[in-house]
Amino acid sequence: MKYVARANRIKNILSTANIGASVKIQGWVRSRRDSKGGFSFLDISDGSCVAGIQVIADRSLPNYDSEVKHLTTGCSVEIEGNLQKSPGTKQQVEVLAKRINVIGWVDNPTAYPLQKKRHSLEFLREIAHLRARTRTFGAVSRIRNSLSNATHNFFQSRGFLYIHTPIITPSDCEGAGELFRVTAIELDNVPKNSNGEVDFRQDFFGRPVFLTVSGQLYAEAYASALTNVYTFGPTFRADNSNTPRHLAEFWMVEPEMAFCDLEGDMDLAESYVKHLFRSVLEDCTEDIEFLERLTPETKIIEPLTRFIDSEFERISYTEAVKLLEQSHQPFEVPVKWGTNLQSEHERFLCEKYFGKPIFIFNYPKQIKPFYMRVNEDNKTVAAMDLLIPRIGEIIGGSQREERLDVLQERMRELNIDPRDYWWYIDLRRFGSVPHSGFGLGFDRVVQFVSGMRNIRDVIPFPRTPNSAEL
Ligand code: 4AD
Ligand code: MG
């Protein structure tokens, strides 16, 4: 038998609803129900849409007693038949099967972990290799795919070049020290130097290297030649935050633009996020409706639509602190100029005070990394975060310090060895220009659009502290 990747999937068959057409479907059995009249209903899914397709398997099929009657949830099948109007109320069309080939049986069906009932998301996380078979994870996967596609469409249509920045890197872009080390040293035989320290000169790269926390520094090098570029790849943080919004391995979209200041950066971020919302609403209407029905307390469509049509708020960090101080809210951590805003502060501003996405910009320089452009007040840097209701920060970005002397001064202040960043400093020596960029936490956007409570449920195989089982 020959198999090819087929274009005519269940989604297509259901939407064209070409009554009388002969169709072939390949997929997995969601359920089998036997009718008294001597035939069975099969619900078949191939992951192309929320709905499965109903198949009528009559006892006149040659393998009805020997095989069809024994099909269970999870079996894979190939079915040929004709599309007919369905007398049932749940679907408009169904397939009257002429041939049913069982491709793969399920060993020990009573032990198959995905029975036809609601499973908790926590349980499904333990069987991440099977959870894509559920309607929920099918819908989330299609939403994630649609958002990736919309990302490329957005930047490509504006002439940005997609560049691939390295995964293995010697530098800690964010300076937060949340690095995963990469080494080929055998851990039970670690080479030491005369001071008793690990001798990385004997390691694979002859120096210490890590998994990247951000592709930004490399994107800056390319923007300094190609003007507008973006990277979209996995990033890694050994940040021991066990929260519903943190992953140790997550995906980030990072555009970088030469000849662009902080305001231009926020303008681009706002257009991009609105483009994502607009495309996914159009592209994944059924998936979003399905997920919204699943958790009616989490509204998805209404806020998405409202945010597309509204202007995002923009306030400075200093204004934000003032608003928080004047709010007289019983915050657990008091607000103080010069310290990081806590998520309770961000939630108050974004969800309660403004009720829409907000940019907060010009943060105190002492809480931000070395590469952000120092403002004239010499107290703040040209940084911005975009916060959205229910999730919090989805974007962090800034105008970059393009002035050689100021950058070097900042590095001294922060005790960063300029020899580690010699090439980055070079960019300020050879035709430096004002430039800006940002990083969008892709998984957090999928979380917002899908309404999933936990970020672990929007990436196929989540990596979090103490959890990388499969
Ligand atoms: O704010 P961050 O740390 O910014 C940077 O890394 C910049 N170098 C980006 C740039 O300017 N090119 O991270 C960017 C975004 C955050 O706003 C957040 O949405 C997401 O990445 N993020 C995480 N998402 C999931 N799990 C984590 N542990 C995350 N840490 C950051
Ligand atoms: Mg940030």
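A residue is called buried when its relative accessible area is under 20%, exposed when over 50%, and partly exposed in between, using a 1.4 Å probe and protein chains only. Glu401 counts as buried because its relative accessibility is 0%. This is a predicted model, in which local features need pLDDT of at least 70 and side-chain atom pairs count only at pLDDT 80 or more, while totals for chains, interfaces and linings use all residues. Residues are numbered from 1 along each chain as its sequence is written, chains are lettered from A and ligands numbered from 1 in the order written, and side-chain values use heavy atoms, without hydrogens or water.

**Around Glu401**

- Glu401 sits in the loop between β15 and α10 (404–413); helices (H or I, at least four residues) and strands (E, at least two) are DSSP runs numbered from the N terminus.
- A polar atom of the Glu401 side chain is 2.9 Å from the backbone nitrogen of Val374.
- Beyond neighbours within four places in sequence, Glu401 is in contact (heavy atoms within 4.5 Å) with residues including Tyr371, Arg373 and Arg428.

**Around ligand 1**

- Glu174, Gln216, Arg237, Glu254 and Glu393 come nearest among the 24 residues around ligand 1, where near means a heavy atom within 4 Å.
- The side chain of Arg400 has an N or O atom 2.9 Å from an oxygen atom of ligand 1.
- A nitrogen atom of ligand 1 lies 3.0 Å from an N or O atom in the Ser214 side chain.
- With five residues, β15 gives the most to the shell around ligand 1.

Technical notes:
A polar contact is a pair of N or O atoms within 3.5 Å; within protein, one must be able to donate a hydrogen and the other to accept it, and residues adjacent in sequence count only if both atoms are side-chain atoms.
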